[in-house]
Amino acid sequence: MEAPQEQWPDAVPVVRPYAMTSGRTTPVRGAFDLISIVLATRPPEPHDGLHPESAQIIRQSQEPVSVAELAAELDLPAGTVMVLLGDLLSQRLIVTRSPTPARGVASRPVLEAVIHGLRTL
Amino acid sequence: MDSVRSDAAPVVLPTAVKILIAGHFGVGKTTMVGAVSEIRPLRTEEVLTDAGIGVDDLSGVEAKTHTTVAMDFGRITISRDLVLYLFGTPGQDRFSFLWDELASGAIGAVVLADTRRLKESFACIDYFEERETPFVVAVNCFEGGERFTPADVQLALNLDPGTPVLMCDARDRTSSRAVLVALLQHVLSLPV
């Protein structure tokens, strides 16, 4: 069984992250990591029936934004944000671009572009 | 239902790449992230379950069932199509399993080191060597720290001769960028 919830760390929101995701810890759709880039497919609407956090994700992702940035802006654990994003993806309210696979990550041109950028920015 | 891309037809989402800034507690990871990031370093949290059991050396503190680990990160927009993210990894050994998720997909890592506490860099170095994640060692030159040459550090850390060692000032943007460039060049020099 779970240990007492009093063990929950300090400085948590009033609504606990698991409650926000109905206890789910894995997204229903899509695979996200911290640098998955997310973009809303439409502008925010005042009465779209979304939970406040999901509505905030739609607002924050009008321009491409990473999962890490969303989590920081919403002040939620990244895992919670990924579950919410999975729901939004299945509702086609966002599109996403997953990061490159684990190994052999970035191609040579990408690496060279990053070097060039770091030197000239 | 694989219409994720077609939904996005007119939009090109940027490619995101990441570099890890690793090192022991207090070595200057967040300082380096802040020095090069175009945004104030942000903080994201992961809630871990059963963290620390068996490896928690905070004597007298009971192992928590839930532990929150904070990671500071920054961003450098290279172009419209390419964004670099820098993640400061949590310093404690007991969170090293979290690094797996962070290290996955990373271009490589900067191991920040302090010559006054070189031994504390071993855990990071072992981790990246075992994972075969490319890394460079950047010695953050603290005032009052003894001056060593890169060769001294290479020897003291028992590094593979191919692993670059640089001296840096993590507070300084130019110096920290040079470290990132050195890492990327190191990655490019490795056999594919």
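## Helix 2 of chain B

The buried residues of helix 2 of chain B are B:K29, B:T30, B:T31, B:M32, B:V33, B:G34, B:A35 and B:V36. The structure shown is a predicted model. Because 8 of the 8 residues of this helix, residues 29-36 of chain B, are buried, the helix is largely enclosed by the rest of the structure.

Helix 2 of chain B packs against helix 6 of chain B, residues 173-189, with about 100° between them and 8 Å between their axes. That angle makes helix 2 of chain B roughly perpendicular to helix 6 of chain B. From helix 2 of chain B, the residues B:M32, B:A35 and B:V36 take part in the contact; from helix 6 of chain B, their partners are B:R173, B:S176, B:R177 and B:L180. By class, the residues of this contact are 4 nonpolar, 1 polar and 2 charged.

## Helix 6 of chain B against chain A

Helix 6 of chain B also packs with helix 5 of chain A, residues 108-120, at an angle of about 160° and with the axes 10 Å apart. The two helices are therefore roughly antiparallel to each other. Their crossing is left-handed.

On the chain A side, the contact involves A:R108, A:L111, A:V114, A:I115, A:L118 and A:R119. On the chain B side, it involves B:R177, B:L180, B:V181, B:L184, B:Q185, B:V187 and B:L188. The contact of helix 5 of chain A with helix 6 of chain B holds 9 nonpolar, 1 polar and 3 charged residues. B:R177 and B:L180 take part here and also meet helix 2 of chain B.

## Helices 2 and 3 of chain A

Within chain A, helix 2 (residues 52-60) and helix 3 (residues 67-74) pack at about 125°, and their axes are 11 Å apart. This angle makes helix 2 of chain A oblique to helix 3 of chain A. The two helices of chain A cross in a right-handed sense.

Helix 2 of chain A contributes A:E53, A:Q56, A:I57 and A:Q60 to the contact, while helix 3 of chain A contributes A:L70, A:E73 and A:L74. These residues divide into 3 nonpolar, 2 polar and 2 charged.

## A loop residue in chain B

B:L118 sits in the loop that runs between strand 5 (106-113) and helix 4 (122-131) of chain B. B:L118 counts as partly exposed because it has 17 C-beta neighbours inside 10 Å.

Apart from neighbours within four places in sequence, B:L118 is in contact with B:A113, B:A156 and B:L157. B:L118 and B:D152 are 34 residues apart in sequence, and their C-alpha atoms are 11 Å apart in space.

Conventions. Residues numbered from 1 in each chain as written. Chains lettered and ligands numbered in written order. Predicted model: local features only at pLDDT ≥ 70, side-chain atom pairs only at ≥ 80, totals over all residues. Axes fitted to C-alpha atoms, helices over the stretch in contact; angles between N-to-C directions. Helix = DSSP H or I, 4+ residues; strand = E, 2+ residues; numbered from the N terminus. Parallel < 35°, antiparallel > 145°, perpendicular 65-115°, else oblique. Left-handed = near helix turned anticlockwise from the far one by under 90°. Contact = placed C-beta atoms within 7 Å. Nonpolar A, V, L, I, M, F, W, Y, C, P; charged D, E, K, R; others polar. Buried ≥ 20, exposed ≤ 12 C-beta atoms within 10 Å, placed from the backbone.
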